[in-house]
Amino acid sequence: MTIITQLIATLGKTALFLALLVLVLAAVLNYFDDADPIKYASMNQDTAALEETFRQQNKSCFILGASGETGKVLLQELLQRGFFSRITLIGRRPLTLEGKAYENLVQEVVDFEKLEDYAAAFQGHDVGYCCLGTTRAKAGAEGFIRVDHDYVLKSAELAKAGGCTQFHLESSRGADKTSNFLYLKVKGQVEADVEALGFDRYAIYRPGVLLVDRQESRPGEWLARKFFGAFSSSMSVPIQMVAKAMVSNTLLQPEQKTEILENKDIVSLGKSAAEK
Ligand SMILES: NC(=O)c1ccc[n+]([C@@H]2O[C@H](COP(=O)([O-])OP(=O)(O)OC[C@H]3O[C@@H](n4cnc5c(N)ncnc54)[C@H](OP(=O)(O)O)[C@@H]3O)[C@@H](O)[C@H]2O)c1
Ligand SMILES: *[C@@H]1O[C@H](CO)[C@@H](O)[C@H](O)[C@H]1NC(C)=O
């Protein structure tokens, strides 16, 4: 993202031309990227009633990666919509969260290398959200696999054993266990391995480029966002929408146990949630 921002800053007019090129490319790509929409049995039900029924069940959820870009926004969205009586953050370090909104929040600090020892943290939740992840650049190839595959799978295993029935995994556009690219391969592998655990409900989110909406104005970033926005709804998605889609989707009843939400599905679900 920063590289692109810098590029635009230094290239000026060339960037404009590039943007145009991207627009054309996006149009073409988007044209060939039409997946079937997911079918929901509950789509026609009154959502307000659905929400109220869910709230009355005093459910518990946990978030992995709540300190990350998506996780942070997801936590806010969950607090705001109040679907859960208890929210537990499971992470490698405690987060400083001050204010009344965080009163009922539970924080579990765990050592992901010895997750077995922390099975209790995963006990008794109904729903799990996973926004965990690192990059090869940050952690090396092995470190990346440990975090994005091993930590995620072990967490899901412990959650399942602890009674969790619904798991939401933030994966990535293009995830494919047969891919030659390490990133996409690992994402695809963890998707499949978590599916094998057999949650009653399992939602996989495959966002494209994550767009972070910042409060402060950064002209370069704004331009970059417009730039990526031009990739249209199959290539990128604001982080807010991913969070909204994950939360809204929790209450829906898809016809299948496992559902895959491609970037487009995330955008449309996130948009309809934002309209409420
Ligand atoms: N960025 C994109 O454009 C993009 C696109 C598609 C999919 N994705 C995927 O979406 C997911 C979330 O992305 P994001 O950008 O929101 O994530 P992020 O901001 O990088 O946050 C990552 C989270 O994972 C935790 N984490 C990282 N390394 C860890 C380790 N070694 N041990 C324990 N926890 C660790 C971080 O905790 P700390 O705060 O303690 O480090 C943080 O909570 C990732 O799986 C990513 O691959 C990203
Ligand atoms: C949920 O909590 C409320 C308030 O504590 C309680 O009155 C209600 O019976 C609980 N419902 C269930 C399904 O446990």
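Reply: Phe54 is a buried residue, because its relative accessible area is 9% and the cut-off for buried is under 20%. The model is a predicted one.

Phe54 belongs to a cluster in which ring pairs link Phe54, Phe83, Phe84 and Tyr129. The count of aromatic pairs comes to eight. In one of them, the ring centres of Phe54 and Phe84 are 5.5 Å apart and the planes stand at 90°, so this pair is edge-to-face. The two residues come from distant parts of the chain, 30 residues apart: Phe54 lies in helix α3 (residues 47-55), and Phe84 in the loop between α4 (69-81) and β2 (86-91).

Phe84 is buried as well, because its relative accessibility is 10%. Phe84 also forms an aromatic pair with Tyr129, with 6.2 Å from centre to centre and 90° between the planes, and this pair is edge-to-face. Here too distant parts of the chain are linked, since Tyr129 is in strand β4 (residues 127-130), 45 residues apart from Phe84 in its loop. Tyr129 has a relative accessible area of 0%, so Tyr129 is buried.

Strand β4 leads on to the sheet. The sheet is open and has seven strands in the order β3-β2-β1-β4-β5-β6-β9, with parallel pairing. Its edge strands, each of which pairs on one side only, are β3 (105-109) and β9 (258-262). On average, and with direction ignored, neighbouring strands of this sheet are turned by 15° against each other.

Strands β5 (residues 166-170) and β6 (residues 201-206) run parallel and are joined by five bridges. Across this pairing, Phe167 stands opposite Tyr202 in β6. Helix α6 (residues 182-195) packs on the sheet and touches β5, β6 and β9, and the direction of α6 makes about 170° with that of β6. Another helix, α9 (residues 263-274), lies across β6 and β9 and runs at about 85° to β9.

Between β5 and α6 there is a loop, and Ser172 is found in it. With a relative accessible area of 8%, Ser172 is buried. Leaving out residues up to four places away in sequence, Ser172 touches Tyr183, Leu184, Lys187, Tyr205, Arg206 and Pro207.

To return to the part you asked about, the cluster holds Phe54, Phe83, Phe84 and Tyr129, and Tyr129 is its member in strand β4.

Methods: Residues numbered from 1 in each chain as written. Chains lettered and ligands numbered in written order. Predicted model: local features only at pLDDT ≥ 70, side-chain atom pairs only at ≥ 80, totals over all residues. Heavy atoms only, no water. Pairing = 2+ DSSP bridges. Helix = DSSP H or I, 4+ residues; strand = E, 2+ residues; numbered from the N terminus. Axes fitted to C-alpha atoms, helices over the stretch in contact; angles between N-to-C directions. Contact = heavy atoms within 4.5 Å. Buried < 20%, exposed > 50% of the residue type's maximum accessible area, 1.4 Å probe, protein only. Phe/Tyr/Trp six-rings, centres within 6.5 Å; stacked < 30°, edge-to-face > 60°.
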